[in-house]
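Here are my notes on the model, point by point. Have the viewer open while you go through them.

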Amino acid sequence: MTELVVRRLLIDLEQPVERHWCDGDAFLTAWFNALSMSFPIGEQFFIDSVRDGFKALPVDQQARFRTEVQGFVGQEATHRRLHGLFNDQIARHGLRNEWEPRARRRLALLAGGDVRHGVAITAANEHFTALFAEWMLAHPQVLGRSEPRLRTLWLWHSAEEAEHKSTAFDIYQALAGSHAWRVKWMRRVTVIFLSDALRQTVCNLRADGSLWRWSTWRSAARHLLGREGLLRTSYRPWRQYFREDFHPTQQHSDLSANWLAANAASYTRVGA
């Protein structure tokens with residue numbers, strides 16, 4: 001089992017955020033803003049799904065997962081709270097969160113169903129966020145001259161996503177979730193997540209007045225599809241999820257642990 005530490009990030013998100021806070025890049029700012037808009041409702045769904053899956057386990061299995069689930073819930077709750085504060089700041093720029101209402105309507109359809117569906121959806125999303133986190137930690141220059149508190153926010157979130165990427169997957173396996181449904185949900189999540197992320201990014205750029213600038217499209221092509229782009233470099237590890245013998249720990253790196261160790265002054269351990 002993975003030891004998951006709940007951390008309190010030592011940054012102030014009550015202060016305003018610049019319009020193009022990500023190194024002055026309109027596309028990157030709109031992209032990260034879009035992702036952040038999905039986090040409060042998404043993180044709450046992940047918390048609820050993992051809790052429900054945990055409760056559905058036999059008692060002996062609950063003992064095995066109890067500490068890890070507590071850590072997972074604590075980390076995700078902290079992400080939800082801090083990105084809620086961040087979202088309050090970017091809303092002042094006239095951005096409208098159209099992602100959350102759509103997600104809320106879709107998630108309502110799962111109410112009362114087999115808890116394994118929620119856990120499978122969570123595991124698929126956690127694989128996505130772990131891939132994105134790995135890319136962020138491997139390319140910290142993307143945040144460039146972003147102000148330190150926002151740079152810390154995104155790299156800390158990335159480090160913790162990489163840290164708890166196995167929790168929902170392991171609970172799904174413990175619940176005897178099938179491989180067939182695991183990959184079906186990954187296919188669905190892939191379409192929904194990327195469609196919503198790109199749609200919200202376009203909405204953000206349109207509201208910002210930056211949608212039809214050449215520099216916006218050049219940045220999008222470079223950071224998503226370029227040689228070191230997010231989608232291009234994530235494709236192969238994304239496909240590995242469909243193997244029957246896949247486990248998240250097979251995609252291991254030290255970037256998360258290294259960042260947390262090097263930036264220990266940026267947070268305190270909750271309960272320490």
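**Notes on the model**

1. Start with Asn97, which sits in the loop between α2 (59-91) and α3 (99-108); helices here are DSSP runs (H or I, at least four residues) and strands likewise (E, at least two), numbered from the N terminus. Before going on, a caveat: this is a predicted model, where local features need pLDDT of at least 70 and side-chain atom pairs count only at pLDDT 80 or more, while totals for chains, interfaces and linings use all residues. Residues are numbered from 1 along each chain as its sequence is written, and side-chain values use heavy atoms, with hydrogens and water left out.

2. What does Asn97 touch, leaving aside its neighbours within four places in sequence? Met37 and Gln200, with contact meaning heavy atoms within 4.5 Å. The C-alpha atom of Asn97 is also 7.9 Å from that of Ala34, although the two are 63 residues apart along the chain. Asn97 counts as partly exposed because its relative accessibility is 23%; the scheme is buried under 20% relative accessible area, exposed over 50%, and partly exposed in between (1.4 Å probe, protein chains only).

3. Ser266 is another loop residue, placed between α10 (255-262) and β2 (267-269). With a relative accessible area of 17%, Ser266 is buried. Not counting residues up to four places away in sequence, Ser266 is in contact with Arg8, Leu9, Leu10 and Thr152.

4. Now the helix pair: α1 (residues 26-55) packs on α4 (residues 115-138) at an angle of about 140°, their axes 9 Å apart. Axes are lines fitted to C-alpha atoms, for helices over the stretch in contact, and angles run from 0 to 180 degrees between N-to-C directions. That angle makes α1 oblique to α4, since under 35 degrees is roughly parallel, over 145 roughly antiparallel, 65 to 115 roughly perpendicular, and the rest oblique.

5. Which residues make up that contact? On the α1 side they include Trp31, Phe32, Phe45 and Phe46, and on the α4 side Ile121, Phe132 and Met136 are among them. By class, the α1 contact with α4 has ten nonpolar, five polar and two charged residues (Ala, Val, Leu, Ile, Met, Phe, Trp, Tyr, Cys and Pro are nonpolar; Asp, Glu, Lys and Arg charged; the others, Gly among them, polar).

6. Last, the cysteines. The disulfide count is zero, a disulfide being a pair of cysteine sulfur atoms within 2.5 Å. Cys22 is buried at 0% relative accessibility, and Cys203 is buried at 17%.
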